[in-house]
Amino acid sequence: MRRRSVTMKLFVTTAFFFLFFYAIVLLGQLNLFESFYQYQKTATLEKKLHAFSELYEKKRWDDARLSREIGLFINQNKAQLAILGPEGNMKHDNLFRIVIREDNGNQVRVSLSFMLNSVSRKLLEANFKLGDHIEAEGVFEDTKSKDLLYPVVIQKSGSKAINIQEADSNEPVEKVSGVITEVLLPSSNQWNSRQGILYIALDEWFPLSEERKGVLQAGGSIIEEWTDRVSETRSVVMIRPVMRDGKLSEVIFVLASLQQISEAYDALRLFYTYMGIGGILLIVLLSLVFTKLVSKPLIKLNQVALRMVKLDFSVKSHIRRNDEIGSLSSSLNSLSEKLDNTLKELYDANEQLQLDMAHKLRMEQRQKEFISDISHELKTPLSIVKGYVEGIRDGIGENKRERYLEVILGETDKMEALINDMLELAKLESQSIKLRKSSFLLSQQLEDIVDKLSNHLNEKQLKVAAVIIGEHAVHADQVKMEQMLVNLLMNAIRHATVGSEIAVRIESEGEHMRMEIENEGEAIPEDQLETIWERFYRVEKSRNRKTGGTGLGLAIVKQILDLHESRYGVENTKQGVKFYFYL
């Protein structure tokens with residue numbers, strides 16, 4: 001199965017959840033926004049109407065105050081309001097107006113309802129203020145009282161005349177003029193054709209049906225959606241009763257447009273279509289960036305872990321953050337360091353174990369060789385001793401009894417020397433001996449040894465010639481060095497030509513001292529120069545014992561020099577053989 005990267009998985013998961021959430025938001029707005037907005041607007045308008053009706057019942061405003069409150073309600077709630085009798089007779093409506101006082105003192109209200117948008121803009125631009133002088137031509141609602149004029153033309157002094165509407169040829173047009181004492185104009189977004197729709201709705205709803213009238217008489221409110229048949233404009237109609245003395249006295253009729261909601265909703269659908277495309281692209285981009293930010297340190301940590309799998313603990317994570325990823329990076333580095341240390345300890349322990357096993361095998365092999373060698377070396381002297389002892393027992397050669405005893409004593413001395421050397425070599429090879437180092441001069445030690453070996457030198461008429469150049473003290477185990485030099489000199493004596501000279505050279509080479517011991521005699525075959533350090537090695541293949549010695553001297557020399565970590569060797573010269581070592 002093909003493995004998918006954590007980056008792709010994280011990207012797909014993040015993008016899916018973002019897109020899922022975004023889709024829910026878009027679908028919710030597209031499918032629920034219109035209903036929610038309509039509900040919210042209706043509920044808010046109902047609360048405002050309830051508050052208005054309570055104030056209207058309690059305050060009993062005069063006409064001027066009532067007109068201001070109605071205008072304020074219309075402006076704040078973007079709705080049309082009228083107060084009617086139970087049968088639909090108009091008592092108060094949204095009388096946006098200008099009140100002028102004529103020269104004779106009469107007050108005339110100039111109605112500004114049913115204005116076209118173009119006319120309303122001109123009226124607002126005229127900027128009517130208190131104290132301005134205007135003239136108005138129009139039709140009085142009541143020709144007797146002449147207190148409410150529906151204007152056809154309005155003109156402010158010093159300004160152009162504003163044509164409001166066409167006059168009805170069947171009604172007489174009259175002119176009034178005076179100073180403005182009151183002005184009530186709606187805001188620019190409220191002065192529109194919906195003022196006319198109010199009267200269309202009133203005409204259609206009144207007189208009220210018995211069912212609706214019964215609801216109002218019981219103190220309830222009527223809230224219904226209504227559509228104008230001509231303009232197909234959707235609106236909400238609210239009717240709230242005004243009770244006085246327990247009877248239905250008046251009704252407050254409110255008309256608010258829902259058409260703006262539909263228009264806004266249609267625009268939102270198109271807007272969200274484009275926004276959805278852009279949002280998807282943005283979500284994909286943000287998901288990719290988020291994925292990179294999260295997965296990048298994880299990928300780096302994975303690379304470190306893969307190196308650790310290959311037992312490479314040299315690489316470290318350089319992520320330093322105060323979060324879970326930073327903690328993981330620190331833990332991974334700590335784990336890598338501990339594993340590295342543990343692995344090194346295991347390697348060291350394994351190496352030591354291998355060394356111990358090799359040492360054990362060497363010791364076992366040496367034990368076998370020791371038994372084999374000592375059996376071979378003791379066989380001859382034991383046979384000699386046995387033969388002479390049997391001869392003495394059987395009374396053979398009574399006149400040679402003293403000679404037999406001397407031979408037996410000599411062979412036992414040799415066997416004793418052999419056993420001592422074997423035991424000494426076994427100690428050296430076990431590396432259980434601790435060196436007791438001190439500083440001394442090789443020349444002084446050589447002088448003492450030559451004096452001790454004078455009898456052996458005289459037997460073969462040999463002389464020792466020493467050459468000393470730049471000598472300084474060496475730091476070594478003086479007892480072991482004496483044993484080593486005795487063995488080297490005895491080896492040189494045994495193989496030296498009678499009457500020859502043994503040359504000893506001691507010279508300084510930097511921090512070390514080099515010592516050479518050279519005799520005159522037969523050379524060692526080149527192929528045997530590396531094997532002379534082995535135990536019981538003799539140049540003679542027949543292990544001839546006439547040259548004396550146990551055959552362990554050079555093996556002891558090798559072990560002592562190894563303990564001192566010395567460089568040593570042997571080489572043939574023109575006169576014979578030369579041994580050398582460094583301390």
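A charge sits over a ring if NZ of Lys or CZ of Arg is within 6 Å of the ring centre and within 35 degrees of the ring normal. Keep that in mind for this predicted model. Here, the charged end of Arg567 sits over the ring of Tyr582, 4.1 Å from its centre. Arg212 does likewise with Trp205: its charged end is over that ring, 3.9 Å from the centre.

Now the sheet. Which order do its five strands take? They run β2-β1-β11-β10-β9, in an open sheet with antiparallel pairing. The edge strands are β2, residues 90-92, and β9, residues 222-227. Each of those pairs on one side only. From one strand to the next, the twist averages 35 degrees.

Look at β9 and β10. Six bridges join them, and they run antiparallel. Ile222 has Ile239 in β10 as its bridge partner.

Next, the helices on this sheet. Helix α5, residues 210-217, packs there and touches β9, β10 and β11. Helix α2, residues 63-77, lies across β1, β2 and β11. The direction of α2 is at about 150 degrees to β1.

On to the aromatics. There are eight aromatic pairs. Phe52 and Phe73 make a tilted one, 5.4 Å centre to centre, with 50 degrees between the planes. Phe52 is in helix α1 and Phe73 in helix α2, so this pair ties together parts 21 residues apart in sequence. Both Phe52 and Phe73 are buried.

Last pair: Trp533 and Phe579. Are they buried or exposed? Buried counts as under 20% relative accessible area. Trp533 has 10%, so Trp533 is buried. Phe579 has 7%, so Phe579 is buried too.

Notes
Residues numbered from 1 in each chain as written. Predicted model: local features only at pLDDT ≥ 70, side-chain atom pairs only at ≥ 80, totals over all residues. Heavy atoms only, no water. Pairing = 2+ DSSP bridges. Helix = DSSP H or I, 4+ residues; strand = E, 2+ residues; numbered from the N terminus. Axes fitted to C-alpha atoms, helices over the stretch in contact; angles between N-to-C directions. Contact = heavy atoms within 4.5 Å. Phe/Tyr/Trp six-rings, centres within 6.5 Å; stacked < 30°, edge-to-face > 60°. Buried < 20%, exposed > 50% of the residue type's maximum accessible area, 1.4 Å probe, protein only.
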